[in-house]
Amino acid sequence: MDEQVSPNSIAASFSAACAECGSVSHKRQYVRMLDRHTCEHCLLGSRKRRSGLEDDPYEMFVEALAEALDLREQETGLHSKRVATHTLLLAAQHYKEAKDLREVYWGSLLHDIGKIGVPDAVLLKPDRLSDAEWQIMREHPRNGYLILQKLPFLSMAADIVLCHEERFDGSGYPRGLKGEEIPLAARLFAVIDTIDAMTFDRPYRKALPFDTAKAEILRMAGSQFDPRAVESFLREEAALREMATMEFPPTK
């Protein structure tokens, strides 16, 4: 078995291309499984298909839009597609209709679309936000909802965007919803978004070990997170742990 590497590290021995698409790029993350390298694009695509969704032109366009938003916020790799795909894995335990699963995917993919209206000085500020700046940031779920609510076929997706910063104990925003007042899909997303934020590099912090992030998720079950969502997370732990070992190949 290969030795485990720290998340997002640059491995000097990295040389192989993706076994699925043949790509090799220092701008793309890869995971090593035995003697095979798989890029983030291909791994996420296979996990989306596992949940019963296939690529279509509209979805590919929205994925590209989400990737552009990630670039603006300086996220690591395909953050929005990662959290959307892994929320989909959890949602498949609770939803059976393909239409519902597609809305979960789209809502999770576009969760931060409201940040398009947040000024760079606030969005990219490396220091603690002032009260006034924090008030601007707290409006992004509502602004994202206002964008998606214009599309009647995305009502569930719009609710995910509106509620993705709510907390199970009612301490979240923008409406301070509590418990089952928060849509189930948004409760599932909250767990995935947090585990992704902790186990991948951020501009202000290096990635934490998966076990550290898992312990925090378990500690916050019943307060920040729905215990039911945490149970769903634990059933997909192997897939999420594998994703946390993604790394960038070294630049030449």
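Helices (H or I, at least four residues) are taken as DSSP runs and numbered from the N terminus. The model is predicted, so that local features need pLDDT of at least 70 and side-chain atom pairs count only at pLDDT 80 or more, whereas totals for chains, interfaces and linings use all residues. Residues are numbered from 1 along each chain as its sequence is written, and side-chain values use heavy atoms, with hydrogens and water left out.

Tyr95 lies in the loop between H3 and H4, and it counts as buried because its relative accessibility is 15%, the term buried denoting under 20% relative accessible area with a 1.4 Å probe and protein chains only. Leaving aside residues up to four places away in sequence, Tyr95 touches Asp100, Leu101, Val104, Met156, Leu184 and Ala185, a contact being heavy atoms within 4.5 Å. Although Tyr95 and Ala185 are separated by 90 residues in sequence, their C-alpha atoms are 9.4 Å apart, and the side chain of Tyr95 reaches the backbone nitrogen of Ala185 at 3.4 Å.

Ala185 also belongs to the set of H9 residues, together with Leu188, Phe189, Ile192, Asp193 and Asp196, that meet His79, Arg82, Val83, His86, Thr87, Leu90 and Ala91 of H3.

In helix H8 (residues 155–163), the buried residues are Ala157, Ala158, Ile160, Val161, Leu162 and Cys163, and their cover includes helix H4 (98–109), helix H7 (140–148) and helix H9 (184–199).

Methods
Buried means under 20% relative accessible area, exposed over 50%, partly exposed in between (1.4 Å probe, protein chains only). Helices (H or I, at least four residues) and strands (E, at least two) are DSSP runs, numbered from the N terminus. A polar contact is a pair of N or O atoms within 3.5 Å; within protein, one must be able to donate a hydrogen and the other to accept it, and residues adjacent in sequence count only if both atoms are side-chain atoms.
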